[in-house]
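Let's take a walk through this model, starting with a bit of backbone geometry and ending among the rings. Keep the viewer open and follow along.

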Amino acid sequence: MASSTPLRALSIDNINPHVKTAKYAVRGELAVRSEKYRAQLAKGDKGGLPFDTVIAANIGNPQQLDQKPITFFRQVASILENPELLEKENVLTGSLGYKPDVVERAKKLLKDVKSVGAYSQSQGAPGIRDSVAKFIERRDGYPADPSNIYLSAGASSGVNTLLHIICSKPESGILIPIPQYPLYTATLAVLDARCVPYYLDEGHSWGTDLSAIRNAYDKAIAEGTDVKAIVIINPGNPTGASLPAEDIKSVLEFAAEKKLVVIADEVYQTNVFVGEFLSFKKGLRDLQKAIPEKFDNIELVSLHSVSKGMVGECGHRGGYFELVGFDPEVAAEIYKFISIQLCPPVIGQCIVEMMVNPPKEGEPSYELYKAEYDGIFEGLKKRAYALYEAFGQMEGVHCQTPAGSMYLFPTITIPAKAIEQAKKEGRQPDEFYCFRMLDATGVCVVAGSGFGQKEGTLHFRTTFLAPGTDWVGRIVKFHKEFMDEFRD
């Protein structure tokens, strides 16, 4: 007779329910199915699949999609990982072609960190934080204090830290832009805190709409939510929008009025195709200069990462956040929280240093660095516009002009018969569309419902990181066949 005693301590019924509640669409069921197809094709088993390759357009992972690492970064990193190479400096600069400034940078970083196999300070190596502060000063024209800079394991780790500190009770609420990168809603779900959604204005290039923010705030307060912070993703993910100065100013004015922490996720700050990037730090300092005292107590945290931009070093997990206007006692608790996690990856910290302090004009590595950097930027821009133009040919598809980041977020209008079929399969209509696209083309995108969207609208998010444009043609062909199949 079989025992009815459970065989394991853990079951799906007794683990943390908040983890089960969290959703993270960019690595969800669509991505799992795409990896299954990729593994099948790698074994030479096409098995009736109507495509030969899988295109992972669901996640901003540049080097998985053949973006080449920047030579300077990787050459310095190779020395950091194996300092014994410095004993053969003539070989490095001779037959291996390393430039002298590569060797000098490696020596400087080794002096800062001693070894990439050793723990650093919890906040990150002081010399690297100095470099970050100088970068921020050059970018914004205002001073930055290295003691307010915290190196992190990518920007995601910084977001996790900050939300843990801010969310003190289940009623704690954070204003989150919709559509949004699901890191925010997933982390809030795990923390058993409240997402306060505010909708971006698709009709105005996915800009922030102050009336939408105010309405969301008022509604949340009326429901008993303690709204403590507002998140801004600029340039936007998944929308690709790049905020103008007036939008940044209006958000800061609202934050000052309501005493909200401003969390500025600025990891795509170099991915700007239209206009120029303006940081929230510069926007705040400009306001403080123009109107003394009114904005002095705003708490702003801005985040950056080596994963995006032209660097694309996602796997090295490097990033930072800067605190502005925080109470020193709160900053001490943030330091304690990150100390529990020991320190961010030290090789990632070193990549951060190179990102914020790349070769300068006149230095030996500059010419190659500039050529590689510009080549990556132009390639991204070309593919963004190729996708945008393709969407313009597709029935019922509308897309904003590419402005920034690594994504497009087109609106799709699909026939009623397709919506009915989606219901029969227990899926959201845009999710149904994306599964059909994957099965027909091997292109993996993410349904707009995974990021949030206004009721009655449908979208999907795609990166434009994959090389070439043949996969764009696959999407166009699929869409026509899909529309014809379900046409009323």
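D192 counts as partly exposed because its relative accessibility is 35%, where buried means under 20% relative accessible area, exposed means over 50%, and partly exposed is in between (1.4 Å probe, protein chains only). Its phi is near 55°, a positive value in a residue other than glycine. You'll find D192 in the loop between helix 8 and strand 4 (194-199); helices (H or I, at least four residues) and strands (E, at least two) are DSSP runs, numbered from the N terminus. R317 also has a positive phi without being a glycine, near 50°. R317 sits in the loop between strand 7 (300-305) and strand 8 (319-324), and is partly exposed at a relative accessible area of 30%.

A word on ground rules: this is a predicted model, so local features need pLDDT of at least 70 and side-chain atom pairs count only at pLDDT 80 or more, while totals for chains, interfaces and linings use all residues. Residues are numbered from 1 along each chain as its sequence is written, and side-chain values use heavy atoms, with hydrogens and water left out.

Back to the backbone, and on to the prolines. I178 and P179 are joined by a cis peptide bond with omega about 0°, and P179 lies in the loop between strand 3 (172-178) and helix 8 (183-190). Another cis bond runs from N234 to P235, with omega near -10°. P235 belongs to the loop between strand 5 (226-233) and helix 10 (245-258).

What about the cysteines? A search of the whole structure turns up 0 disulfides, a disulfide being a pair of cysteine sulfur atoms within 2.5 Å. For C167, the nearest cysteine sulfur is that of C195, 11 Å away. C167 counts as buried because its relative accessibility is 11%, whereas C195, at 31%, counts as partly exposed.

Now for the rings. Phe, Tyr and Trp rings (the six-membered one for Trp) pair if their centres lie within 6.5 Å; planes under 30 degrees apart are stacked, over 60 edge-to-face, and the rest tilted. By this rule there are 16 aromatic pairs. One of them, F73 with Y369, is tilted, at 6.3 Å centre to centre and 35° between the planes. This pair links distant parts of the chain: F73 is in helix 3 (residues 71-81) and Y369 in helix 14 (residues 366-393), 296 residues apart. Both F73 and Y369 are buried. Y369 also pairs with Y373, and since the centres are 5.7 Å apart with planes at 40°, that pair is tilted as well. Y369 and Y373 are 4 residues apart in helix 14, about one turn of the helix. Elsewhere, ring pairs link F391, F432, Y433, F460, F478, F482 and F486 into a cluster.

Two arginines are worth a look too. A charge sits over a ring if NZ of Lys or CZ of Arg is within 6 Å of the ring centre and within 35 degrees of the ring normal. R427 lies over the face of F435, 3.9 Å from the ring centre, and the charged end of R461 sits over the ring of Y407, 4.0 Å from its centre.
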